[in-house]
Amino acid sequence: MRDIIIFLGPPGAGKGTQAKQLSTDKKFCHISTGEMLRAAVATGNELGMRVKSVLDSGQLVSDDLMIELVKQRMRETDCREGVILDGFPRTVVQAEALNKSLASSSEKITAVIMFEVLEDTVRERLSDRAKKEGRSDDSAEVQLERIRVYQTKTAPLIDFYKKSGQLQAVSAAAEIPEVYKLLKAALKY
Ligand code: AMP
């Protein structure tokens with residue numbers, strides 16, 4: 001059975017960086033819903049334009065669209081060995097839909113990793129990234145909104161997965177290689 005790993009944590013915790021490394025090492029697919037959405041925006045079509053206005057506001061894209069996108073992506077061949085979900089689920093509705101979808105294919109979540117980091121560190125990392133990558137949703141104002149949305153909509157998933165006994169915390173405060181070591185230890189890889 002393939003491994004299915006969920007990465008949870010605030011924007012700027014370093015989920016994407018850790019996911020890229022782990023997906024390369026383990027030959028798992030890396031499903032970054034944020035990157036999928038930014039790719040949709042880049043096409044410039046009508047759906048892309050609608051997605052762009054949501055991203056630029058710091059709010060979340062609709063659960064229905066996200067659930068459909070992720071389900072389809074998980075069926076692709078590069079996800080055969082394992083899946084890293086980076087940025088999904090982001091709401092309890094998405095988490096429940098994922099559980100239902102996995103149950104229907106007799107699969108289950110291998111682990112949920114919570115990347116723990118202080119809010120000040122998150123802000124520093126986001127403003128660094130804004131300078132380097134120039135993401136339109138990394139402006140100071142939108143950053144604050146994304147942190148707020150994380151706290152209200154996504155943080156409840158910590159309890160959701162704690163209750164199911166699947167949550168493991170990893171400190172994401174250290175440098176990238178150190179966090180990667182902690183991550184692999186938590187996953188027993
Ligand atoms: P990220 O790159 O993961 O920080 O995501 C960037 C933006 O994409 C978020 O601020 C949301 O607007 C949107 N997004 C990413 N993943 C999801 C999701 N699972 N549900 C809803 N919106 C999402």
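Select residues 3–8, strand β1: 6 of its 6 residues are buried, so the strand is largely enclosed by the rest of the structure. Buried means under 20% relative accessible area, with exposed over 50% and partly exposed in between (1.4 Å probe, protein chains only). Strands (E, at least two residues) and helices (H or I, at least four) are DSSP runs, numbered from the N terminus.

This is a predicted model, in which local features need pLDDT of at least 70 and side-chain atom pairs count only at pLDDT 80 or more, while totals for chains, interfaces and linings use all residues. Residues are numbered from 1 along each chain as its sequence is written, and side-chain values use heavy atoms, leaving out hydrogens and water.

Now show the side chains of β1. D3, I5 and F7 point one way, I4, I6 and L8 the other way, and all are buried.

Strands count as paired if DSSP finds at least two bridges between them. Find I6: its bridge partner in β3 is L85.

Then select V83. Beyond its neighbours within four places in sequence, V83 is in contact (heavy atoms within 4.5 Å) with R2, D3, I4, I5, F28, C29, I31 and M74.

Which residues have the most contacts inside the largest nonpolar core? They are M74, V83, L85, L98 and Y161, in a core of 27 residues. Helix α4 (residues 63–74) gives the most to this core, with 4 residues. A nonpolar core is a set of buried Ala, Val, Leu, Ile, Met, Phe, Trp, Tyr and Cys residues joined through side-chain atoms within 4.5 Å.

Last, select A13, A111, F115 and Y180, which are among the 21 residues of a second, separate core.
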